[in-house]
Amino acid sequence: MGSQVRSVPRPLVRTNQWFIVVSVLFTWITKQEWILAIPFLAGLMGLFFGFNPVMRLAKLFFRKHPSQYIPEEWDQQQFNQTIAVICLAGGLISFLMNWTILGYVFTIMVAAAAFIAILGFCVGCYIRFHWKQYQYRRSLNKQ
């Protein structure tokens, strides 16, 4: 019996990406850095407990069964969410410490990656693919 790959319906992934982009934009517009804590905490909950409240709320609006949507690989989404959480934490901490330029660097990175993913190119997927290739080549050299 083969193992089944865990997946996340694409609309949930897109909702999370839009939530990150909009949160960063609101943070920039309002200069209220605490707004970054919302997607940060949602992302942390997703990573540690498998429960992202943003995605859970979005799931209530599904018109079809989750399996009828295009699936996104769970492990890849966890990798992407880890990068997003790190950037959101970096941005939040930087803004709180009045390291404004570094705060903008972190938030620009996470907002740009999320928006580019919405447009169809996943930066996290690209990074993970090359990391896996590196690990594979390294394992061949050890033999």
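Residues are classed as buried under 20% relative accessible area, exposed over 50% and partly exposed in between, with a 1.4 Å probe and protein chains only. The structure is a predicted model, in which local features need pLDDT of at least 70 and side-chain atom pairs count only at pLDDT 80 or more, while totals for chains, interfaces and linings use all residues. Residues are numbered from 1 along each chain as its sequence is written, and side-chain values use heavy atoms, with hydrogens and water left out.

The chain contains six helices and two strands, arranged along the sequence as β-α-α-α-β-α-α-α. These elements are DSSP runs numbered from the N terminus, helices being H or I with at least four residues and strands E with at least two. The C-alpha trace spans about 50 × 45 × 30 Å along its principal axes. Of the 143 residues in the chain, 35% are buried. Contacts are defined by heavy atoms within 4.5 Å; among those between residues at least 6 apart in sequence, 71% join residues at least 24 apart. The chain exposes about 9,500 Å², of which carbon and sulfur atoms supply 67%. Accessible areas come from the Shrake-Rupley method with a 1.4 Å probe, and for residues only the protein chains shown count as cover.

Helix H1 has 21 residues and reaches 30 Å from its first C-alpha to its last, close to the expected 30 Å. The expected span is 1.5 Å times one less than the number of residues. Buried positions in H1 include Leu12, Asn16, Gln17, Ile20 and Thr27. The buried residues of this helix pack against strand E1 (7-9), helix H2 (37-49), helix H3 (53-59), E2, H4 and H5. Just after H1, Lys31 takes a positive phi of about 60 degrees.

Side chains of opposite charge can pair when their charged atoms come close. Two salt bridges are found in the whole structure, the criterion being a side-chain nitrogen of Lys or Arg within 4 Å of a carboxyl oxygen of Asp or Glu. In one, the closest N and O atoms of Arg10 and Glu72 are 2.6 Å apart. Arg10 lies in helix H1 (residues 10-30) and Glu72 in strand E2 (residues 71-73), so this pair ties together parts that are 62 residues apart in sequence. Arg10 is partly exposed at 29% relative accessibility, whereas Glu72 is buried at 16%. In the other, Glu73 pairs with Arg128, with the closest N and O atoms 3.7 Å apart. Glu73 is partly exposed, with a relative accessible area of 35%, and Arg128 is buried, with 15%.

A nonpolar patch on the surface is formed by Ile93, Leu96, Met97, Trp99, Ile101, Leu102, Val105 and Met109, with about 810 Å² of accessible area together. Patches are made of residues with over 30% relative accessible area and no salt bridge; like charges are joined within 9 Å, and nonpolar side chains (Val, Leu, Ile, Met, Phe, Trp, Tyr) within 5 Å. Helix H4 (74-96) and helix H5 (100-119) each supply at least two residues of the patch, and the largest share, four residues, comes from H5. Val105 is located in helix H5 and is partly exposed at 40% relative accessibility.
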